[in-house]
Structure formats: structure tokens, C-alpha cells
Amino acid sequence: FTNFTINSAAGTIDRLAWTMQLPADTWTHMGFRYGARSGTPVAHQCGAQSPGTTGLPDGTYLGSTNNAKGAFTPPADATWDGTWRKIALGESFTTTDGQWVCPVIEPTGTPDGSNNSSFTQSPSNLAYSARQGAPYALSQTDGATFSKNTSRPINVCFYSSTQCYGFP
């Protein structure tokens, strides 16, 4: 697995996102693979944003009150390391068939080199990891803009009451 560590440098915080299409449904949870922790991790949130005109997260969470995000704090031990996590969103969001969304994971606290978390951005060493195009992973490091990684598949999904959609 290829993990991305979310921390901060010089006051700027990293974020992780993906861009993918969803079928028509109402989504209540987001799933992702937690990589590893360092020290006592800070609080995070995950959820769905719309892609802007450039295909990058627009910064506003979906949902009727912009609360299609779920709060979580990884434990200060190894129990989450290398495991799949399913996080309930603060409110559901509904998509139309083929709608593009950006799953996002970001800290709500301030992680540093001694209290951070990594998340699996994509699996590696797979035959389909060399493909180009969408869906794709994104990362934002040290306050820069998101950068696209179109050469790797994504490792995230959304859950409705009847299905799991994405790439768990």
C-alpha cells in the first residue's frame, strides 16, 4: 500500500483526497484504509466535496447543510494501523448517476512530526496501478495546491443503506 502522512510544516497542514464518480444513491458513511499513527494522533474529518472546475476539491462539504463529513480521532496505539475504517457522516448526501465527488480526509487538529496519521492513498504493485485517467488520488502537502496522481488507483469508498461503492 502507498500511504500518505498528514502532518504540518511551518503552520501549513496536509490533506488527502480523491476524485471519483458515484451512482445515484444516498450516502451515509465513508470508508478508507488507515495507514499508521505516530504518537497521539489529532482529530480528523472525512467526507465528500464537489470537484471544482479543475477536478480538485472545492472546500465545501456536500449535504443539505454542508455537513456530509464524519469526525474521528485515531487511537494512540496500533489498533487502527493497517485496517479499514468506516466513518458515519454527519449527514447523508445524495448523488445523481455518474456525479463526480471528491472524498477528502483532513485533520481538524494540528498534527506534526510526532503526532500524525497516515492514510492509504492507493494500493501499489497491482496490474491496474499503471493506468491513467479517472478515478485518481490527490494530495496536498505543506499548503500547496492539490496535486493529481493519475497513475494509481484510489483506495476509498462510500456506503449507502444498500451498497458500498468505490475501491475498498
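The model is predicted. The chain has 15 strands and zero helices. Of its 168 residues, 45% are buried. Take contacts between residues at least 6 apart in sequence: 76% of them join residues at least 24 apart.

**The nonpolar core**

- In soluble globular proteins, nonpolar side chains tend to be buried together.
- Here the largest nonpolar core holds 24 residues.
- Which members touch the most other members? They are Met30, Phe72, Phe93, Ile105, Phe119 and Phe158.
- Several strands each supply at least two residues of this core, among them strand 1 (2-6) and strand 6 (44-51).
- Strand 4, strand 5, strand 9, strand 10 and strand 14 also each supply at least two.

**Aromatic pairs**

- The structure has seven aromatic pairs.
- One of them joins phenylalanine 32 and phenylalanine 72, with ring centres 5.2 Å apart.
- Their planes meet at 40°, so this pair is tilted.
- Phenylalanine 32 lies in strand 5 (residues 25-38) and phenylalanine 72 in strand 8, so the pair ties together parts that are 40 residues apart in sequence.
- Both phenylalanine 32 and phenylalanine 72 are buried.
- Phenylalanine 93 and phenylalanine 158 also form an aromatic pair, and this one is edge-to-face.
- Their ring centres are 5.3 Å apart, with 85° between the planes.
- Phenylalanine 93 is in strand 9 (residues 84-95), and phenylalanine 158 is in strand 14 (residues 156-159).
- This pair links distant parts of the chain, 65 residues apart.
- Phenylalanine 93 is buried, and phenylalanine 158 is buried too.
- Phe32, Tyr34, Phe72, Trp80 and Phe119 form one aromatic cluster.

**Charged side chains**

- How many salt bridges does a search of the whole structure find? The search finds one.
- Its partners are the side chains of glutamate 106 and arginine 15, at 3.2 Å from N to O.
- Glutamate 106 sits in strand 10 (residues 99-107) and arginine 15 in strand 4 (residues 15-22), so the bridge ties together parts 91 residues apart in sequence.
- Are the two partners buried or exposed? Buried means under 20% relative accessible area.
- Glutamate 106 is at 11%, so it counts as buried.
- Arginine 15 is at 17%, so it counts as buried as well.
- Another charge meets a ring: the charged end of lysine 86 sits over the ring of tyrosine 159, 4.3 Å from its centre.

**Cysteines**

- A search of the whole structure finds zero disulfides.
- Cysteine 164 is in no disulfide. Its nearest cysteine sulfur belongs to cysteine 157, 3.3 Å away.
- Cysteine 164 is partly exposed, at 36% relative accessible area.
- Cysteine 46 is buried, at 0%.

**Serine 118**

- Serine 118 belongs to strand 11 (residues 116-122).
- Serine 118 has a relative accessible area of 6%, so it is buried.
- What does serine 118 contact, leaving aside neighbours within four places in sequence? Its partners are Asn3, Phe4, Thr5, Tyr34, Gly35 and Ala36.

**Two loop residues**

- Proline 23 is found in the loop between strand 4 and strand 5.
- Proline 23 lies in a loop, yet at 16% relative accessibility it counts as buried.
- Leaving aside neighbours within four places in sequence, proline 23 is in contact with Thr95, Thr96, Asp97, Gly98, Gln163 and Tyr165.
- Proline 23 and glutamine 99 are 76 residues apart in sequence, but their C-alpha atoms are 6.9 Å apart in space.
- Asparagine 66 sits in the loop between strand 7 (57-61) and strand 8 (69-72).
- Asparagine 66 is partly exposed, with a relative accessible area of 40%.
- Most residues other than glycine have a negative phi.
- Asparagine 66 is not a glycine, although its phi is positive, at about 55°.

Methods:
Residues are numbered from 1 along each chain as its sequence is written. This is a predicted model: local features need pLDDT of at least 70, side-chain atom pairs count only at pLDDT 80 or more; totals for chains, interfaces and linings use all residues. Side-chain values use heavy atoms; hydrogens and water are left out. A salt bridge is a side-chain nitrogen of Lys or Arg within 4 Å of a carboxyl oxygen of Asp or Glu. Helices (H or I, at least four residues) and strands (E, at least two) are DSSP runs, numbered from the N terminus. Buried means under 20% relative accessible area, exposed over 50%, partly exposed in between (1.4 Å probe, protein chains only). Contact means heavy atoms within 4.5 Å. Rings of Phe, Tyr and Trp (its six-membered ring) pair if their centres lie within 6.5 Å; planes under 30 degrees apart count as stacked, over 60 as edge-to-face and the rest as tilted. A charge sits over a ring if NZ of Lys or CZ of Arg is within 6 Å of the ring centre and within 35 degrees of the ring normal. A nonpolar core is a set of buried Ala, Val, Leu, Ile, Met, Phe, Trp, Tyr and Cys residues joined through side-chain atoms within 4.5 Å. A disulfide is a pair of cysteine sulfur atoms within 2.5 Å.
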